Amino acid sequence: MKRLLSHALWLLLPNVCGLALAQSRGPWLHLEVKENKTEPVLVKVNLPVSLVDVALDVVREEGLRHGKFKLEHTEITVADMKEIWNELKKAGNAEFLTVEKRHETVRISREGEFVLVKVTEKQEPKVDLKIPVAVVDALLERPGDELNLKAAVAAMRQKQVGDILTVNDNNTRVRLWID
């Protein structure tokens, strides 16, 4: 009987460990850039969202410290953005902006828990941006003129939204998603 239990444990162990690893894996951020030029270029970045979070703590660039990005020399302040954002959130589901030109249409709207930015050119999708409302809330949560990138990444990790951004521009395609 002991031997049977021992064999059963050895048979179950890989499955249990695999399940535990899959659950602890967490969401990943993916970025893919394809350029179809005379010399095609393909760039793929696949990172655990937790690594992006840690990297934001480590990066020391001008205006970016500890995952907080300070806006300087802009016509609109973060305080202005917060005020506008709070009013947009109150509006609920709505189409906020539509610009239709001869060959291009730009639409900004809110549908459920997402803000959508769509640009089409000659009936073809050019930009498709899908941002969770919670991510914008987190980005704008800091007082003063700082955008909280760490909080936005944490909100993305919780939402696990799928496609966030696709851009098709002539010979370049960009796709950003979380899974």
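This is a predicted model: local features need pLDDT of at least 70, side-chain atom pairs count only at pLDDT 80 or more; totals for chains, interfaces and linings use all residues.
Q: Over the ring of which residue does the charged end of Lys130 sit?
A: Side-chain values use heavy atoms, without hydrogens and water. A charge sits over a ring if NZ of Lys or CZ of Arg is within 6 Å of the ring centre and within 35 degrees of the ring normal. At 4.5 Å from the ring centre, the charged end of Lys130 sits over Phe114.

Q: How far from the ring centre of Trp177 is the charged end of Arg175?
A: The charged end of Arg175 sits over the ring of Trp177. Its distance from the centre of that ring is 3.8 Å.

Q: At roughly what angle do the axes of helix 2 and helix 5 cross?
A: The axes of helix 2 (residues 49-58) and helix 5 (residues 149-159) come within 10 Å. Helix 2 is therefore roughly antiparallel to helix 5, a term for angles over 145 degrees. The crossing angle is roughly 175°.

Q: Where in the protein chain is confidence lowest?
A: The chain has a mean pLDDT of 80, with 86% of its residues at 70 or more. Confidence is highest in strand 6 (residues 94-100), at 95, whereas the lowest mean, 38, belongs to helix 1 (residues 2-24).

Conventions:
Residues are numbered from 1 along each chain as its sequence is written. Axes are lines fitted to C-alpha atoms, for helices over the stretch in contact, and angles run from 0 to 180 degrees between N-to-C directions. Helices (H or I, at least four residues) and strands (E, at least two) are DSSP runs, numbered from the N terminus. Angles under 35 degrees count as roughly parallel, over 145 as roughly antiparallel, 65 to 115 as roughly perpendicular and the rest as oblique. pLDDT is the predictor's confidence in each residue, from 0 to 100.
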